[in-house]
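Please look over the sequence and the structure below before reading on.

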Amino acid sequence: MNFTVALLQITPHGNKQSRNLEKGLKCCREAKSMGADLAVFPELWNIGATQCPLRAGGRESWTASAIDRRSDFFLSFAALARELRMNIALTYLEAHLPKPRNSVSIISRTGEVGLSYSKVFICDFGEAELLKRDPNPTDIGCDVNCSPGESFEVCVLNSAEGEVRVGAMICSDREFPEPARQLMRNGAELIVVPNASTWDDVRTSCLRTRAFENLVGVAMANYPTPVNNGESQAYTCVPWKDCKSRQMLMAKADEQEQILLASFDIDEIRAFRNSESWRMEYQRHGPSRRFAV
């Protein structure tokens, strides 16, 4: 069974939501024509990852950009998922109190919401910096005006070939072991990672490690240059086969705008998880007492 993920490494139109909607719908159609079972947007697509302005009144106008699942923006993608019979991982600034959330909803090929996840490990540093007369934007986290999420849900998505259990992390979530571990414990076989950051070797190492240590496929979608620097990528969790090492990297983009496809062999992932079930037990329950120190 193969499950193909389209990583939409595409340039937004800033906080112009009508134009982001138009482009997002067009790119989803293109992803479907390329054979995708699931299209994944980079982080905060509805506002193009626009950060909260520091000027007076900036927070209010930015917060007003938040949408919910009843908005025309969201419902347009739900209708498209149903039309195309393709799953869509839509990212957006979500209306929430006391602060909006950095969220992704995975919409199934029937147009229903399979799961909605809000970034838990938010970058909320810099509140003291905001109090200064001339705050330095680089010392302020991109999520300082967001509320964190609270759970790690997993949903079952269908394709023409079968079912796969999918979870989600957002950006800095991947830099901590807990989100991916909890998703694995909740049954995830594949984790999608909407992202908006400058990519580097350390982040690559973290992403590959999240795949191997939790025996899951991982697919990350980032913004191209000049918003970020692209390098969207996907990894299988299978580092060896028939006692021979193999490349875990399945697909990698450059810095430019593109739709990157990664086709996951779900049967192979399941077989590897079965053969390495002892490793998953350690992740779920910890080492047995005889190994305690």
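## The chain as a whole

The chain has eight helices and 14 strands. Its radius of gyration is 19 Å, close to the 19 Å that the globule rule gives for 293 residues, so the chain is as compact as a globular protein of that length. The model is a predicted one.

Taken along the principal axes, the box filled by the C-alpha atoms is roughly 60 × 50 × 35 Å. The chain exposes about 13,300 Å², and carbon and sulfur atoms supply 49% of that area. Of the 293 residues, 54% are buried. Among contacts with a separation of 6 or more, 68% are between residues 24 or more positions apart.

## A sheet of six strands

In what order do the strands of the open sheet of six lie? The order is β6-β7-β8-β9-β10-β13, and the pairing is mixed. The strands at the edges are β6 (154-158) and β13 (249-252); each has a single partner strand, so one side of each is left without a neighbour in the sheet. From one strand to the next, the twist averages 20 degrees.

Strand β9 (residues 217-221) pairs with strand β10 (residues 233-235) in the antiparallel sense, over three bridges. Met-220 stands opposite Gln-233 in β10. Helix α6 (residues 201-214) lies across β8 (190-194), β9 and β10, and it runs at about 35 degrees to β10.

## The nonpolar cores

In soluble globular proteins, nonpolar side chains tend to be buried together. In this model, the largest nonpolar core has 52 residues. The members that touch the most other members are Phe-3, Val-5, Leu-38, Ile-106 and Phe-264. A second, separate core has 26 residues, including Leu-21, Ile-67, Met-86 and Tyr-223.

Which residues does Ile-106 contact, leaving aside its neighbours within four places in sequence? They are Leu-38, Ile-88, Ala-89, Glu-112, Val-113, Gly-114, Leu-115, Cys-155, Leu-157, Val-166 and Val-192.

## A residue in helix α1

Glu-30 lies in helix α1, which covers residues 17-33. Is Glu-30 buried, partly exposed or exposed? Its relative accessibility is 40%. Buried means under 20% and exposed means over 50%, so Glu-30 counts as partly exposed.

Glu-30 can also be placed relative to Ala-6. The two are 24 residues apart in sequence, and their C-alpha atoms are 9.6 Å apart in space.

Notes: Residues are numbered from 1 along each chain as its sequence is written. This is a predicted model: local features need pLDDT of at least 70, side-chain atom pairs count only at pLDDT 80 or more; totals for chains, interfaces and linings use all residues. Side-chain values use heavy atoms; hydrogens and water are left out. Two strands pair if DSSP finds at least two bridges between them. Helices (H or I, at least four residues) and strands (E, at least two) are DSSP runs, numbered from the N terminus. Axes are lines fitted to C-alpha atoms, for helices over the stretch in contact, and angles run from 0 to 180 degrees between N-to-C directions. Contact means heavy atoms within 4.5 Å. The radius of gyration is taken over C-alpha atoms; the globule rule is 2.2 Å times the number of residues to the power 0.38. Buried means under 20% relative accessible area, exposed over 50%, partly exposed in between (1.4 Å probe, protein chains only). Accessible areas come from the Shrake-Rupley method with a 1.4 Å probe; for residues, only the protein chains shown count as cover. A nonpolar core is a set of buried Ala, Val, Leu, Ile, Met, Phe, Trp, Tyr and Cys residues joined through side-chain atoms within 4.5 Å.
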